[in-house]
Structure formats: structure tokens, C-alpha cells
Amino acid sequence: MEKFVINGGTPLKGEVEVSGAKNAALAIIPAAILSQDVCTIENLPCSISDIGYMMKILRQIGAQIRVINKNTIEIDSRNVNSYVISHDMTKHLRASYYFIGALLGRFSRAKVSMPGGCYLGPRPIDQHIKGFELLGATVSVDDNAIVDARADKLIGSPIYLDMVSVGATVNIMLAAVKASGLTVIENAAKEPHIVDLANFLNSMGADVRGAGTDVIKIRGVEQLHGCTYSIIPDQIEAGTFMVAAAATKGDVLIKNVIPKHLESISKKLIECGATVEEFDDAVRVSLNKRPDKCNIKTMPHPGFPTDMQSQMAVLLAIADGTSIISESIWSNRFKYTEQLNRMGANIKADGQLAVVQGVERLKGAPVKADDLRAGAAMIIAGLCASGTTEIEDIYHIDRGYEDVVEKFSGIGAQIKRVYCPDPDCLTNAG
Ligand code: UD1
């Protein structure tokens, strides 16, 4: 077991470089098997564990992976020979279900165990299944939660999503690129990683138009070819550093970002009194006083991202006044507030609403990461708190933040990764 030990109270200062986008990479890696060729993926956050699990799955179905350098891999999917992915492979992460769309696109058949991932409330896949069925597949889910999707031939179709779903939009795009005829996804998700996936597919010879709007048109092509593609910067990692800079009353230049993707976050930070300067591919965030209160409502892109909700709550926890956070995407995304309250925050969460009464200061305490973004919030809380904070269950954080200790240390944070013996092992020993 490992934990982070943070000595808080130091304003973050300096420059930090953001990695490639996890959620774009998680869609692009399975997409590579649609090509039956070699794809080179650059700016990939290879060392986060979610990417490691996706590479394991690729190998299990017969792809060959060559690591070119720390952030570049080559995926050779010519010998992919299986459409079956078992539970021990899918249990680690949500995005493993993108292999349903990708394998359907490649073999017209996919047998994939239901995915794991962060628990944020129920995470149904009815819209994914509806999309596959409209493309002509028969889909069943057995008692062991194995999704079996098969089609004689996938045929393009209009598909209206009942709600905006990132996952369903990705999965339908993957299944539709080689279907015959035109697929039109209406009420599609517009997140930056949807656009990145479309650009990757088009680099392989697909015909995908309209990504980034709520109508995506996909004209099926017979074959795709290999390509070299560089993944966009991670919007949420960038946002995490932006909030950390403000919460510690620091001044940080965050590099390798697309400022347009960060607009909803920048606007809220400015509302809280921070200064946000935009450059071509960087943003500088500083704050030299107690943050002002502000209200937040999470929304699909271009609204305020739910994946930034917990980090922003830390800033509001030390703001002057009372803020309201309304979570409109997930039904159970306030569990972390119990951990923040252990550090002296005053947050009352009920259902999808939280009332944050700002306090002068957080105090270091032993806490845990309930999920990936909750873990990022604990780091920010530890950095702006007085004293020492110890964060357990950091494997959640390692799923999505590359070189997190090195990057925060580089801007002045006092953060260490410490090995700690599993208390159960100690009790059982001897
Ligand atoms: C993705 C992100 C996750 C982020 C979320 C919302 C990845 C790997 N994960 O998750 O970090 O928090 O977008 O921005 O990119 N829904 C249904 N039926 C479906 C699909 C979704 O009811 O078939 C509901 C969900 O329960 C949720 C909402 O739609 O309430 C949005 O979910 P969705 O956009 O699909 O999230 P994910 O793709 O799982």
C-alpha cells in the first residue's frame, strides 16, 4: 500500500506541463484496432494505470505494442484475433467498454464483460446498447454481466441519444465508422475528447463530421489505415493545477493546454477572484487573497465539467461566504465532502446538492481518495491546509494523473509518496 504525505501551506509557484488527455486516450486506444494496421500514438500518458490496463487488453486480443518512448507507442493490430474480453481485464476501468464498439466495428461481434471504474452512482449503458441495436446488432447481457453483441452486417442509422452521454457517443462512433451507409448521432456529447476521437478516426481514413456539435455524421468506409496521431492535452489535469494554484494562493503557468477547453473552469476561477491569463498553449493562474464564493452547476461540455467538481469544492471550502454546488451528471458525487469535513471544511451535501460554508483554513488530517477526482481534491486540500495530510487509497489517483508527485513537487509542493505496510497484513503476520 502507498499513501501521499503532504505538508501544506506553501503557495505553488512556477511552471508545470500537462500530459495527454486520459479520456481521449481511452477512446483512441480501442479505436486503433479498427485499422488492421499500425498506428503510432503520441502524447499518451503511458504511466497512468488506466492506460496500462487498456494496453493489457490490447495484448490479450492479439495486438502488438511497441513502446517508442515515455509518451509514444505503436499499436500493431494486424493480428488481433479475439472478440472476447474477460472480467479480470474489464474490472479495472470504465472505458474497457469501448472495446464493445471497436470489436463490433472490427469483427461484427464483441463479447465483453461489464466494466469497472469510479463509482459515481449507477452507470447504465442502455444508450450504448440502443445505438448498437439501431446499427443492426443483437445485444444481450447475461447473468454474469457479459455483453454479447453480434451483427451480420452493421448498417448506418439515425440514432437519437436520450441523454448526452460521452461513453455512448464514443461507442457508437467506434461501431459506426465501418458500417455501411450514414449514421447520424443526435444529442451527441461535445467534449474535447469526442473531437479528438473523430480526428483520430479521420486520420485513419474515416469520414466523421460534426464532432464538437450535437449532431455527428458518420459515413461508413470499407477500410481504415494506420496513422500517426498526437493526443490533445488533458483538460481535467490542467484544471486540477489551475485550482491548486488558486487554492494555495500561488502563481503557476500551466503549459501544454488548449485554453478554449478550459474556459468554463477559467470563468469560475475568475469569479472566485483569481487572475487567469491565456496564452496560445498555456494559462497562468494566480490568486493572492482569500477566494470569493461562487455557485457551480456541472453540465455536459461546454458547461462546467463534473470531473472538476470536487477540486473546485476545495477552493470554495476556504472561500469567503457560502457557495452552492449542484451536480447534474452523477447521483453520488459528494462522498469526498466527508473527507474535506475531516479537514475542517463545512460542507453539507444532500443528494445532488452541496452547500459549502467557507472557512478560514483547512487543517491537515488523515483522509482517503474515494475515487480519482476526489483524490485530486484531497491533494489540493492537503496543499492549502496547515500541517500534514496523509492520503490513502491513492491507486485511484494513479489511474489518471501522470507523474503527480514530480509535477506538484516541481511547483513547490511538499508531497511524498510513502510505502506503508497493509495494516491487515501486519495483524495477520506471525
Ligand atoms: C465520461 C468520463 C467521466 C465523466 C463523464 C461525464 C471517460 C472515460 N469518463 O464518463 O470521467 O465524469 O463522462 O463527463 O471519458 N447514462 C445513462 N445511460 C447510458 C449512458 C449514460 O443513463 O447508456 C447517464 C449516466 O448515468 C450519467 C450521464 O448519462 O448520469 C452521463 O454519463 P456519460 O457521459 O456516459 O459518462 P461516461 O462516459 O461514463
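A: Let's begin with the term itself: a salt bridge is a side-chain nitrogen of Lys or Arg within 4 Å of a carboxyl oxygen of Asp or Glu. Keep in mind that what you see is a predicted model.

Now find Arg 109 and Asp 148, which form a salt bridge whose closest N and O atoms are 2.9 Å apart. Arg 109 belongs to strand S7 (residues 109–113), while Asp 148 belongs to strand S9 (residues 146–150), so this pair ties together parts that are 39 residues apart in sequence. Are these two partners buried or exposed? Arg 109 has a relative accessibility of 15% and counts as buried. Asp 148 is buried as well, at 12%, because buried means under 20% relative accessible area.

For another example, look at Asp 162 and Lys 130, whose side chains meet in a salt bridge at 2.8 Å, N to O. Asp 162 sits in the loop between strand S10 (158–160) and helix H6 (166–176), and Lys 130 sits in helix H5 (residues 126–134), so this pair ties together parts that are 32 residues apart in sequence. Lys 130 is partly exposed, with a relative accessible area of 22%.

Arg 66 pairs with Glu 74, with 3.2 Å between the closest N and O atoms. Glu 2, Asp 398 and Arg 417 are linked in a network of salt bridges. How many salt bridges does the structure hold? The count is 23.

Definitions and conventions:
Residues are numbered from 1 along each chain as its sequence is written. This is a predicted model: local features need pLDDT of at least 70, side-chain atom pairs count only at pLDDT 80 or more; totals for chains, interfaces and linings use all residues. Side-chain values use heavy atoms; hydrogens and water are left out. Helices (H or I, at least four residues) and strands (E, at least two) are DSSP runs, numbered from the N terminus. Buried means under 20% relative accessible area, exposed over 50%, partly exposed in between (1.4 Å probe, protein chains only).
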